[in-house]
Amino acid sequence: VSTQSTGRSYTALKFGSTIRDHIIYQPAGMEALANKFSVCSWIRKLVSGLNRSWISYRSNEGHEYELLISDSGYYNYMFGNNRGIDSEYTSRTTQGTWHHVCVTWDYNTLTRLFYVNGQLIQTWNTPSGRTFAPGGCLLLGNAQYPACVVGTTSYEAFGGEMYQLNFYNEVLNNTSVRKLAADMCSNAVTEFDNSRVIRWEDILQQTRNGDVRDVVVSDCASRLIASITQELREAEQRNIDLMEEMKVVKMAVNATQNELESTKLLLNETQFNMTSALNAAEDELTSVKEALNETREELNLSQETLRNTTTLLESTEREVESALARAECNLNDTVTSTWDMLYSPLFYQETLTKDHLKFVATVIQKLEYFIGVRINDGMVRFFKIYHEFNFIEDQICPDTMSEESSTEDE
């Protein structure tokens, strides 16, 4: 029985108790075992007797048994020699109960070791010069004599069960043997896959004779069923928990969707408001730009007027300063009004003519330079102090004005 979910196979072989119930074949790769090997298997003795042989190997070279072991340890052959250990063997096993057997051999040390349930019960020094002969027949479930011929005595038929028989092309140490013997339901054999030459899964595919059938290792199957049952329960609980989590997630998703819809509406409204605000801002900005342009033009005009006014004021200031500096002028403090010019030689004791009027108009014409300027006390004082004084001085002191004008031209 293979359990694909776990990757383990708990298929054992059950042999009948007649000489017809066996498996015999010539395995490939025996050359790899010529100088060292380990052979291990789980055995379940079901029929009483000392000679029940579960494994035998003989070559065609005329040698006696290269290997023969019975389920009581009574047959314990190596290179034709038997070193029975039935008392040590049976004291550690019980009929009807699975036990583990492992035999190792090393040509370099000529040492053969026998383990039962992971415990070393025999050390045997083999003859020098002998190697494990290839090309022989492996018989499971009975003894063979001669090579590749099944025995004719029924008391040597195995009649028991076998599980995980493997040949390794290495000498397994005590730790490795104990690991294999610790738990028949474990997958420990896979740790030694690199050295397994004859594999249990290949043996299960060999031709069977008589009553040799597959059976389930019940202990392992029960444990497997219990393990799978527990895993199923845990999976069911995880599924229940997952369904609850899915309900919570679904509620959260629904709430999120509602929130997203609300957010979408809010975003649309906000976008509309922002668009309206941007349009209004653009209109206002356009108006501001137009107002700024108008203000800029007015400012340019005001700046031009200011520059002209500044230039005129600076010129006037220079003229005032020049006039005030003429100490040689004989004007007196009584000249304080425009009408005082009538006291000047141009008017006084003279007949009033059109030329006189033209002169007065020329004086008044100076006002046109200040069009747009607010008339205040400062402006009146300016004209009274400068223009009137200046024109009067031009008439009263014409020589002095001519001299200064000539000096300024220079």
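What covers the buried residues of α2? In this predicted model, the cover includes four strands: β5 (36–44), β10 (98–106), β11 (111–116) and β14 (161–168). Helix α2 itself spans residues 174–182, and its buried residues are Ser176, Val177, Leu180 and Ala181. Viewed down the helix axis, these buried residues fall within an arc of 130°, so they line one face of α2. An α-helix has 3.6 residues a turn, so residues three or four places apart point the same way. At the N-terminal end, α2 is capped by Asn173, which places a side-chain oxygen 3.2 Å from the backbone nitrogen of Thr175.

A search of the whole structure for disulfides returned 3. A disulfide is a covalent bond between the sulfur atoms of two cysteines. When the bonded cysteines of the chain are numbered in sequence order, they pair as 1-2, 3-4, 5-6.

One of the disulfides is formed by Cys40 and Cys102, with the sulfur atoms 1.9 Å apart. This pair links distant parts of the chain, as Cys40 belongs to strand β5 and Cys102 to strand β10, 62 residues apart. Both cysteines are buried.

The link is right-handed, with 90° about the S-S bond. Cys137 has a relative accessible area of 5% and is buried, whereas Cys148, at 27% relative accessibility, is partly exposed. The cut-off for a buried residue is under 20% relative accessible area.

Cys185 and Cys220 are likewise joined by a disulfide, with an S to S distance of 2.0 Å. The torsion about this S-S bond is about -95°, so the disulfide is left-handed. Distant parts of the chain are linked here: Cys185 lies in the loop between α2 and β15 (196–198), and Cys220 lies in helix α4 (residues 218–324), 35 residues apart. Cys185 is buried at 4% relative accessibility, and Cys220 is buried at 1%.

How values were computed: Residues are numbered from 1 along each chain as its sequence is written. This is a predicted model: local features need pLDDT of at least 70, side-chain atom pairs count only at pLDDT 80 or more; totals for chains, interfaces and linings use all residues. Side-chain values use heavy atoms; hydrogens and water are left out. Buried means under 20% relative accessible area, exposed over 50%, partly exposed in between (1.4 Å probe, protein chains only). Helices (H or I, at least four residues) and strands (E, at least two) are DSSP runs, numbered from the N terminus. The arc is that of the directions from the helix axis to the C-beta atoms. Contact means heavy atoms within 4.5 Å. A polar contact is a pair of N or O atoms within 3.5 Å; within protein, one must be able to donate a hydrogen and the other to accept it, and residues adjacent in sequence count only if both atoms are side-chain atoms. A disulfide is a pair of cysteine sulfur atoms within 2.5 Å.
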